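Hi there,

Here is the structure I promised to pass on. Have a look at it first, and my notes follow below.

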Amino acid sequence: MPEAPTRMCGASVSEDGRFLLLYVSEGCQPTNRIFYVDLDKLTRTPGGGIDFVKYDFNTGAEKLPVVRLVDNFDASYGYIANDSTNFYFRTNLNAPRYKVVKVDLSNPGKPSTWGDLVPEHDKDVLQSATAIKGDNLVTRYLRDACGVLQLRALSSGGLVRELPVPGVGGVNGFSGERKYSEFFFQFQSFAEPGAVYRMDLADGTDSEPTLHRRTELQVPHSADDYITTQAFVPSKDGTKIPLFITHHKSVKLDGSAPCLLYGYGGFSISLLPTFSASRLTFMRGYGGVFAQACLRGGNEYGKGWRDAGSKEKKQNVFDDFQACAEYLTGSAGYCSTSSLTIQGGSNGGLLVAACANQRPDLYACVLGQVGVMDMLRFHKFTIGHAWCSDYGNPDNAEDFDYIFPYSPLHNVRTPTGGSRQYPSMLLSTGDHDDRVVPLHSHKLIATLQHELVTAPGANTAQRNPLLTRVEVRAGHGAGKPTAKVIAETCDLFAFAAKAMNAKWRDVGGEAK
């Protein structure tokens with residue numbers, strides 16, 4: 001958009017092919033404007049196709065007849081289905097956990113007047129809704145960060161039944177169309193590589209999903225050999241933080257096991273139970289415990305949960321993560337501070353670096369990947385300006401006052417207590433990362449080495465390693481060749497294993 005270059009646009013066509021839907025967003029807030037074009041009103045070519053040349057932005061004789069259905073950034077709107085001009089949208093307008101609304105485009109009125117088809121749940125977050133052939137609507141919810149599927153009536157929104165899912169995990173993919181009675185969904189867990197289930201409503205609404213296809217590993221593995229539990233850890237202010245904990249059933253939980261704690265906490269991104277070959281390698285090879293924290297800033301409980309970890313409340317995210325680390329090393333007895341590694345990437349890299357500054361005594365190792373480390377200049381490079389919606393703008397004095405105290409680059413200090421050591425730290429980046437530019441990792445590792453290694457006194461100089469790993473011809477991560485992913489993972493886990501004194505055990509080698 002020439003008049004608003006920082007805005008981002010997307011488009012889709014309604015299922016009946018009649019309407020072109022245009023979405024406009026700005027920054028990383030879960031909000032968007034929505035416009036539409038009635039394609040039936042456009043001029044057609046002799047062959048029956050739309051004469052888009054006539055509506056060309058630069059050379060066309062006519063302007064595209066765009067109707068502005070919602071022309072503000074008050075909420076998010078996502079198309080679900082339509083019957084002629086009667087449309088169904090998923091929105092968070094006055095519903096931080098989302099709901100489904102219905103509107104007639106021929107007389108829409110203000111969005112606040114649109115009728116609720118599926119009201120907001122008092123706890124669960126509506127992730128998606130899909131219309132299936134007949135009077136059927138399948139809704140996908142997050143319940144305490146676990147996937148839930150429900151079958152509803154499209155005409156009324158009423159609940160028909162909750163559909164069974166295989167266990168504690170995430171419904172991470174859903175596919176269905178209104179012209180078909182069948183649909184598919186994918187289930188994953190920390191030990192289940194992925195199973196696709198099929199359900200056909202032509203068999204009746206009381207039918208059960210059946211296994212369609214399962215991903216099989218090329219090594220001995222059984223998901224039943226792994227145990228996943230979920231704890232709710234009180235943070236500094238008493239807020240309960242969901243924490244998933246997974247390990248092989250043979251691991252002794254006496255505090256000696258190496259533990260990998262992962263977090264993110266930002267940009268409305270929910271951390272669900274998902275499978276990772278690298279984490280399975282850690283659990284199986286080292287007899288390790290993997291823990292995943294669902295921190296504020298994400299979308300595990302809706303927009304309110306996101307807002308509670310953004311801007312002036314960003315410190316809540318670090319408090320949440322530190323509380324989870326204290327739980328694992330404390331009364332829960334999963335590990336000790338000498339056997340705990342924390343890991344995060346991008347915004348999660350900021351997380352682990354800030355926590356290393358604030359509680360260096362709590363971890364043996366820190367793995368920060370492509371992290372946002374300079375919080376006073378992040379907005380001056382590439383897409384960083386869009387992150388002000390989550391972090392604030394450090395050029396504003398009011399925002400600066402809450403950003404500076406946690407900025408990793410500006411808060412490196414020699415620890416005054418305990419061993420007076422920072423944990424072993426490995427920061428990784430890509431030399432062509434155009435999202436979080438490499439200068440973040442370079443500046444932080446240089447500052448760590450300068451401030452800590454040159455600290456005066458034999459008892460204060462840093463002895464744990466402070467290293468950076470630069471992947472050449474690589475970016476932020478998406479599209480990275482498998483060989484590079486494997487090489488990086490090997491380096492990260494080997495570094496962490498050394499820091500935790502973890503030994504290779506291969507506890508899952510006998511799985512059938």
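Below is what turned up in the pockets and in the nonpolar core.

Please keep in mind that this is a predicted model.

Let me start with the largest pocket. Its volume comes to about 1,300 Å³, and 46 residues line it. If you want to centre your view there, go to Tyr262, Gly345, Gln369, His476 and Gly477, which lie nearest the centre of this pocket. Two or more lining residues each come from the helices α1 (277-285) and α8 (482-500) and from the strands β21 (340-345), β23 (424-430) and β24 (466-471). Of the elements, α8 gives the largest share, with eight residues. Sorted by class, the lining holds 23 nonpolar and 17 polar residues, along with six charged ones.

The second largest pocket holds about 580 Å³ of space. Its lining is made up of 18 residues, and Glu3, Phe57, Leu64, Val66 and Arg68 are those nearest the centre. Here the classes split into ten nonpolar, three polar and five charged residues.

The largest nonpolar core counts 87 residues, and the ones with the most contacts inside it are Leu243, Leu261, Phe321, Leu328, Tyr391 and Leu448.

How values were computed. Residues are numbered from 1 along each chain as its sequence is written. This is a predicted model: local features need pLDDT of at least 70, side-chain atom pairs count only at pLDDT 80 or more; totals for chains, interfaces and linings use all residues. Side-chain values use heavy atoms; hydrogens and water are left out. On a 1 Å grid over the protein atoms alone, a cavity is a set of points where a 1.4 Å probe fits but cannot get out, and a pocket is an open set with protein on both sides within 12 Å along at least five of seven lines; lining residues have an atom within 4 Å of a point. Grid points are joined across faces, edges and corners, and a volume is the space filled by probe spheres set on the points. Helices (H or I, at least four residues) and strands (E, at least two) are DSSP runs, numbered from the N terminus. Ala, Val, Leu, Ile, Met, Phe, Trp, Tyr, Cys and Pro count as nonpolar, Asp, Glu, Lys and Arg as charged, and the others, Gly among them, as polar. A nonpolar core is a set of buried Ala, Val, Leu, Ile, Met, Phe, Trp, Tyr and Cys residues joined through side-chain atoms within 4.5 Å. Buried means under 20% relative accessible area, exposed over 50%, partly exposed in between (1.4 Å probe, protein chains only).
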